[in-house]
Amino acid sequence: MPVRTIRDIVIIGGGASAALIAWNLKRLHQRSCAIIAPTDRPAFGLAYATPSLKNLLNVAASGMSADPDDPGHFVAWMRGNVSAETDPATFVPRPIFGLYLRQLYCAAAPEHIRDTAIACAKADGLYTITLAGGETVTARQVVLACGHFDPARLPGVPPEIDATGRYHHDAWADGVFAGIGADEEVVLIGTGLTAVDVIMRLRENGHRGRITTVSRRGLFPERHAPHATLAAPVFAPGATPATARAYLRAFHTALRGGIEWRAAVDSMRPVLNPLWLALPDVEKRRFRRHLQRRWETRRHRMAPDIADIIDAERRAGTLRVLDGRIDAIVTAGDRLRVVARAGDARLDIEAAHVINCTGPSLDYAKAASPLLRTMLEAGTIVPGFGGAGLRCTPAGALFDRNGVPAHDLHAIGPARLGALFESIAIPEIRQQARDLAALLANARTAP
Ligand SMILES: Cc1cc2nc3c(=O)[nH]c(=O)nc-3n(C[C@H](O)[C@H](O)[C@H](O)COP(=O)(O)OP(=O)(O)OC[C@H]3O[C@@H](n4cnc5c(N)ncnc54)[C@H](O)[C@@H]3O)c2cc1C
């Protein structure tokens, strides 16, 4: 009978989150782990796998260290490996940040099981993970680092439209840009950072045609600009009633007091999760409905060079920005027609190609993931608040259907949005990775 190998720590996922746990386990605890990921080069994940040097980080290099205890780590890496002149205020191309993560991953050298996990169930104190290739992996502790999923399907867009080769459901899919003629008109659904990435990729590929964006509010992210760093958040948990309205009022009071809005937004970063956790569910829903999008356009800002390009395109009319809610996308001869509503007015916009730029999905209950589906069906995990990520403690312990948090099943990164407000950017993920690595390394697990 073959001997079953039991692994201590298995991480499912192959992006930044998995790489940073592996790195922290090795450097701080001299521990190794196994990573299950279908990619041949773990660490890049969705964000840093872009081949385009025009896709810049939306945080300056000084804010992108992988080590929460050494804020200069990434800048030092840049100076040692890319350019000795690297300014901490630079917005570095994302694929270069991917190489940084990849180097940390390689330094940790975890075991890489190149496959997709399709199920994970616990029996007799051990997890059995089933792989798409048919093998199974046994583990004492499991981390879900599954990250982002394919964008949600837009309502009013029949699946047949994909066969035209003119509707691109996934803006990151290989081959989107190759099929678009240099002078063809393109419509982008959405005006967030995904749309910004796509505009850069199109122009980089020699695209000259007009680009039209359609989104509910027509709001692009704001731009980064130099500002003073505040010593403390403009308001803190406990000092303000836990309602969305009170938070908004406290923020506006600070702005009226003369604090620059970027400084005010950035000052809030360390207290956003405690503020969020203090809100009753009804207030969280209120915040999401009325304030979230406005907050996001200010919090996730564009690098100044990118913002300059977007502004110049808008002035030249080569980029048109429309407000509208999409009703349908239909074929119109050999083109596509986007049907949208702006108030009472109907918009019909025709184009050769339409790209869905609504961004990756974080709704784990709807993700096309056999792993999540089977774990949700079994009640091993449950969806997070408002359909985002998974229900977990702030430290990532996943709750089961009976409301019991697991001591040996954790989530990191986007999956923690089921509990936290901020959990997808590197400043949060690096801290989570360091803390979770300590927990995993010190865990007493039943053999
Ligand atoms: C386009 C974009 C730009 C960003 N820019 C910045 C930035 O400038 N600054 C910043 O701080 N943050 C940025 N972020 C946010 C942040 O860095 C990412 O959220 C972060 O990289 C998440 O990494 P992850 O490993 O959790 O998820 P992902 O990158 O999504 O990786 C998850 C991996 O898990 C794999 N996986 C999923 N399910 C399974 C399974 N069942 N079995 C095996 N493998 C599985 C997937 O194939 C994928 O490779 C950006 C995010 C995006 C999407």
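Trainee: What should I know before reading the model?
Mentor: Residues are numbered from 1 along each chain as its sequence is written. The model is predicted, so local features need pLDDT of at least 70 and side-chain atom pairs count only at pLDDT 80 or more, while totals for chains, interfaces and linings use all residues.

Trainee: In what order do the strands of the open sheet stand?
Mentor: The order is S7-S14-S8-S9-S10, with parallel pairing. Strands (E, at least two residues) and helices (H or I, at least four) are DSSP runs numbered from the N terminus, and two strands pair if DSSP finds at least two bridges between them.

Trainee: Which strands stand at the edges?
Mentor: Strand S7 (167-168) and strand S10 (319-323) do; each has a single partner strand, so one side of each lacks a neighbour in the sheet.

Trainee: How many bridges join S7 to S14?
Mentor: There are 2 bridges to S14 (residues 353-356), and His168 stands opposite Ile355 in S14.

Trainee: Turning to the ligand, which residues come nearest?
Mentor: Gly13, Gly15, Gly45, Gly147 and Gly413, of the 33 residues around the ligand. A residue is near if its C-beta atom, placed from the backbone, lies within 6 Å.

Trainee: Where is Gln30, and is Gln30 buried or exposed?
Mentor: Gln30 lies in the loop between H1 and strand S2 (34-36). Gln30 is exposed, with 8 other C-beta atoms within 10 Å; the cut-offs are 12 or fewer for exposed, 20 or more for buried, and partly exposed in between, with C-beta atoms placed from the backbone.
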